[in-house]
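Subject: Structure for you to look at

Hello,

Here is the structure I said I would pass on. Please open it first and then read the notes below it.

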Amino acid sequence: MFSDVRAFQRDPLRLLLTRGNESALGLVPLQLGPAPVFLVNDPDLLRPILKAPETDIGKGKLIKKLTPVLGRSSLMLSGEEHKRRRAVLQKHMAKGSVEKFLPHMCAEIRAVGASLARLGSFDPHHVTAMLALRTICVAIFGSQVMSSGDEEALVQAVGAIEDDLAEEMFRALPFGPVAWYRRRKNRVCAKLAMSTVVQRLRRKAGSSSALRDLEALGLTDRDLEDEILTLLLAGHHTTGSTAAWMFYQMAADPALMDEIADEAAECLGDDGELRLDAVKRANLSATLVKEVCRLYPSAWWFSREVMQPVTIGGRDLKVGTSLLICPWQLQRDPRHFEDPDRFLMTRRYNTDAYIPFGAGPRACAGMGVAMLELQLLALEIAAAYRFTGVTPNPAPWPKASVTLIPPPMAIEIEVREMRRRIPLLGDEAGHLPYIPPVGAASISTLQSVSQ
């Protein structure tokens, strides 16, 4: 009943990978508590499960454990209210909607890149998490509304809440009174800090931002803050963690980074800016993003619960059975991907086993902004800089939190000698100016997209 709990708490990635890869395709039983839990390792079963009516297969009790943190956000809801809020998120997070922010996103990337070049060496996750937070805040609140102080406060609050979520998942026994009180106090302080920042940003938000459309739904202040917190969690460490792994792969393969730099040069317009139509045809950088998402899916697991008796994979499942879906395992299974632990740019992704953003009606609404941001990050950084070393090597094992967080890394960086110059906040001769700190994000001299 509980025999897998200790192994899961010690290293959930290794447990699910080993159990899923070594078992026959179908539903793999896991001993994680008194109720039945099955790991779904057969791609043919995924879409029937994920597209089933919520009255038959719903979000379930595992996600409900997050209610004290995420409240009544769209991640927790079902039915018509979930559909209402998701429609707003899809409107603002779809790739076609965020493409209008391309100049602003590129400007943010260049400002960060220039600061990194001055440092000479950096930890990618710290940098990419900050950048991802800025991008998601643009989509929620509008452009240029967040100060460096607000940014730091949100990073600290979201980080504390994410640690709280990770500690909660699959805990078989309740916390003792001292630990419970400590966690509750930390959670309340983090949510209060986030609430203070959100209230300030609400006063600055653009008239056509996602925030205004959420407000138009008539949400209470509490529900609105829960929704924004969920968006920040989803957009901060998910894209930020994936971007850090992408930087690692670029640093580990200098030839690949040179090829992406050449692709970026082909995407430039006469003004030195990346052209949207060319970025859409930039297959190398797009493949880089897909392969990183295969190896390090930010949503590395999610679950469903049987709400009505059903037969799946030849098993009769009773009400209350949990179905665990693990993209980390599916995308590293040799039955679905040849030599799955290797980073390969020659793969094809036309298999149902490839689900880094989920699938079905509850697939990640932010996949469009995430994919575009990652591709722009690869093109802009490769065009302007070279990574000259990375530590550790080979790639380290991820930390299984809410996302697959990279352990501390060090990437060495230098300015690239470019045949065609992408503007680096410099003059016409390409000389670099004074470089502000990363957190400053003072890009008022750059053209940004108005809300």
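**What was found**

Of the contacts in the chain with a separation of 6 or more, 76% are between residues 24 or more positions apart; contact means heavy atoms within 4.5 Å. This is a predicted model, in which local features need pLDDT of at least 70 and side-chain atom pairs count only at pLDDT 80 or more, while totals for chains, interfaces and linings use all residues. Residues are numbered from 1 along each chain as its sequence is written, and side-chain values use heavy atoms, with hydrogens and water left out.

The chain has 451 residues, of which 57% count as buried. Buried means under 20% relative accessible area, exposed means over 50%, and partly exposed is in between, with a 1.4 Å probe and protein chains only. The secondary structure comes to 18 helices and twelve strands. These are DSSP runs numbered from the N terminus: helices are H or I with at least four residues, and strands are E with at least two.

Strands of a sheet pair through backbone hydrogen bonds, either parallel or antiparallel. Here two strands count as paired if DSSP finds at least two bridges between them.

Starting from β1, the pairings are as follows.

- β1 and β2 run antiparallel and are joined by four bridges, with Leu30 opposite Val37 in β2. The two strands form a hairpin with six residues between them, and Gly33 in the turn has a positive phi of about 160°.
- β2 and β8 run parallel, also with four bridges. Phe38 stands opposite Leu323 in β8.
- β3 and β5 (residues 302–306) run antiparallel and are joined by two bridges. Gly58 is opposite Glu305 in β5.

Which way do the side chains of β2 point? Val37 and Leu39 point one way, Phe38 and Val40 point the other way, and all are buried.

Axes are lines fitted to C-alpha atoms, for helices over the stretch in contact, and angles run from 0 to 180 degrees between N-to-C directions.

**The three-stranded sheet**

A further open sheet has three strands in the order β4-β12-β9, with antiparallel pairing. At its edges stand β4 and β9 (385–391), each with a single partner strand, so one side of each has no neighbour in the sheet. Two bridges join β4 to β12 (residues 410–415), and Ser121 has Glu412 in β12 as its bridge partner. Helix α18 packs on this sheet, where it touches β9 and β12, and its direction makes about 100° with that of β9.

**Aromatic pairs**

The structure holds seven aromatic pairs. Rings of Phe, Tyr and Trp (its six-membered ring) pair if their centres lie within 6.5 Å; planes under 30 degrees apart count as stacked, over 60 as edge-to-face and the rest as tilted. One of the pairs is Phe122 with Phe247, which is edge-to-face at 6.0 Å centre to centre and 85° between the planes. Phe122 lies in strand β4 (residues 121–122) and Phe247 in helix α13 (residues 221–252), so the pair ties together parts that are 125 residues apart in sequence. Both Phe122 and Phe247 are buried. Ring pairs link Phe122, Phe247 and Phe387 into a cluster.

**Loops and cysteines**

The loop between β9 and β10 (399–400) holds Pro392 and Pro394. Cis peptide bonds join Thr391 to Pro392, with omega about 0°, and Asn393 to Pro394, with omega about 10°.

Cys364 is in the loop between α17 (327–330) and α18 (367–384). An unreviewed UniProt entry annotates Cys364 as "binding site"; UniProt positions are given in the numbering used here, feature names are shortened, and annotations may be inferred rather than shown by experiment. Cys364 is partly exposed, with a relative accessible area of 33%. Not counting residues up to four places away in sequence, Cys364 touches Arg86 and Phe357.

How many disulfides are there? The count is zero, where a disulfide is a pair of cysteine sulfur atoms within 2.5 Å.

Regards
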